[in-house]
Amino acid sequence: MTKSIASSLLLFACLVLSACEKEWGVDQHGREITATQLQGQWLLINYWAEWCGPCRTEIPELNALAEAEPGLEVLGVNFDELRGEELAQAAEALGIRFRVLSDDPAERLQLPRSQVLPVTYLVDDKGVVRERLVGEQTADGILAHLARLRGD
């Protein structure tokens with residue numbers, strides 16, 4: 001087999017595999033979140049609930065990160081598995097401005113079900129869960145964790 005044919009087959013295989021990567025579902029507004037949109041980015045995945053006081057307190061911190069930190073995608077997940085209009089209303093009531101996943105990514109990322117809230121996971125640009133942060137977080141604290149993990 002010539003190098004050009006082998007290279008073409010490898011490229012084709014990569015394209016097929018990337019097209020098959022499972023999408024992430026929709027956000028609280030019904031907009032699709034594709035694997036391509038998140039590929040190569042660090043992810044902050046935060047589990048929250050309406051009844052969780054510390055969750056409510058940290059939402060402005062997460063909003064600030066979502067709006068100001070390039071290369072970091074902040075994604076929320078409702079612990080009570082709200083979907084559709086209920087999810088949209090809950091997110092709006094709490095002032096969430098980052099994207100909230102309708103589908104829990106726990107299986108995809110092999111995350112254990114947390115017994116406490118809030119819980120935040122930092123996922124690197126290769127899709128590897130690097131850190132689990134339990135309890136209320138601040139933007140500065142998360143940035144410090146990211147800097148350490150990224151080797152900044």
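The model is predicted, with local features requiring pLDDT of at least 70 and side-chain atom pairs counted only at pLDDT 80 or more, while totals for chains, interfaces and linings use all residues. Residues are numbered from 1 along each chain as its sequence is written, and side-chain values use heavy atoms, with hydrogens and water left out.

## Overall fold

The chain contains 6 helices and 5 strands, where helices (H or I, at least four residues) and strands (E, at least two) are DSSP runs numbered from the N terminus. Along the sequence these elements follow the pattern α-α-β-α-β-α-β-α-β-β-α. Of the 152 residues in the chain, 42% are buried; buried stands for under 20% relative accessible area, exposed for over 50%, and partly exposed for values in between, with a 1.4 Å probe and protein chains only. Among the contacts in the chain with a separation of 6 or more, 66% come from residues 24 or more positions apart, a contact being heavy atoms within 4.5 Å.

## Helices H3 and H6

Helix H3 (residues 53-68) packs with helix H6 (residues 139-150) at an angle of about 50°, and their axes are 9 Å apart. Axes here are lines fitted to C-alpha atoms, for helices over the stretch in contact, and angles run from 0 to 180 degrees between N-to-C directions. H3 and H6 are therefore oblique to each other, given that angles under 35 degrees count as roughly parallel, over 145 as roughly antiparallel, 65 to 115 as roughly perpendicular and the rest as oblique. On the H3 side the contact involves Glu61, Leu62 and Leu65, which meet Ala139, Ile142 and Leu143 in H6. The residues of this contact divide into 5 nonpolar, no polar and 1 charged, with Ala, Val, Leu, Ile, Met, Phe, Trp, Tyr, Cys and Pro taken as nonpolar, Asp, Glu, Lys and Arg as charged, and the others, Gly among them, as polar.

Ala64 also lies in helix H3, and with 37% relative accessibility it counts as partly exposed. Ala64 and Arg97 are 33 residues apart in sequence, and their C-alpha atoms are 9.1 Å apart in space.

Glu73 lies in strand S2 (residues 72-78) and counts as buried at 15% relative accessibility. When residues up to four places away in sequence are not counted, Glu73 touches Leu38, Gln41, Trp42, Leu43, Leu44 and Arg99.

## Aromatic pairs

A pair of aromatic rings is described by the distance of the centres and the angle of the planes. Rings of Phe, Tyr and Trp (its six-membered ring) pair if their centres lie within 6.5 Å, and planes under 30 degrees apart count as stacked, over 60 as edge-to-face and the rest as tilted. By this rule the count comes to 2 aromatic pairs, which are set out in the table.

| Pair | Centre to centre | Angle between planes | Class |
|---|---|---|---|
| Tyr47 and Tyr121 | 6.1 Å | 80° | edge-to-face |
| Trp51 and Phe79 | 6.2 Å | 80° | edge-to-face |

Tyr47 lies in strand S1 (residues 42-48) and Tyr121 in strand S4 (residues 119-123), so their pair ties together parts that are 74 residues apart in sequence. Both Tyr47 and Tyr121 are buried. In the other pair, Trp51 lies in the loop between S1 and H3 and Phe79 in the loop between S2 and helix H4 (84-93), so parts that are 28 residues apart in sequence are tied together. Trp51 counts as exposed at 55% relative accessibility, whereas Phe79 is buried, with a relative accessible area of 17%.

## Backbone features in the loops

Most residues other than glycine have a negative phi, and most peptide bonds are trans. Glu81, in the loop between S2 and H4, has a positive phi near 60° and counts as exposed at 57% relative accessibility. Gln110, in the loop between H5 and S4, has a positive phi of about 55° although it is not a glycine, and this residue is exposed, with a relative accessible area of 71%. Pro118 is found in the loop between H5 and S4, and the peptide bond from Leu117 to Pro118 is cis, with omega near -10°.
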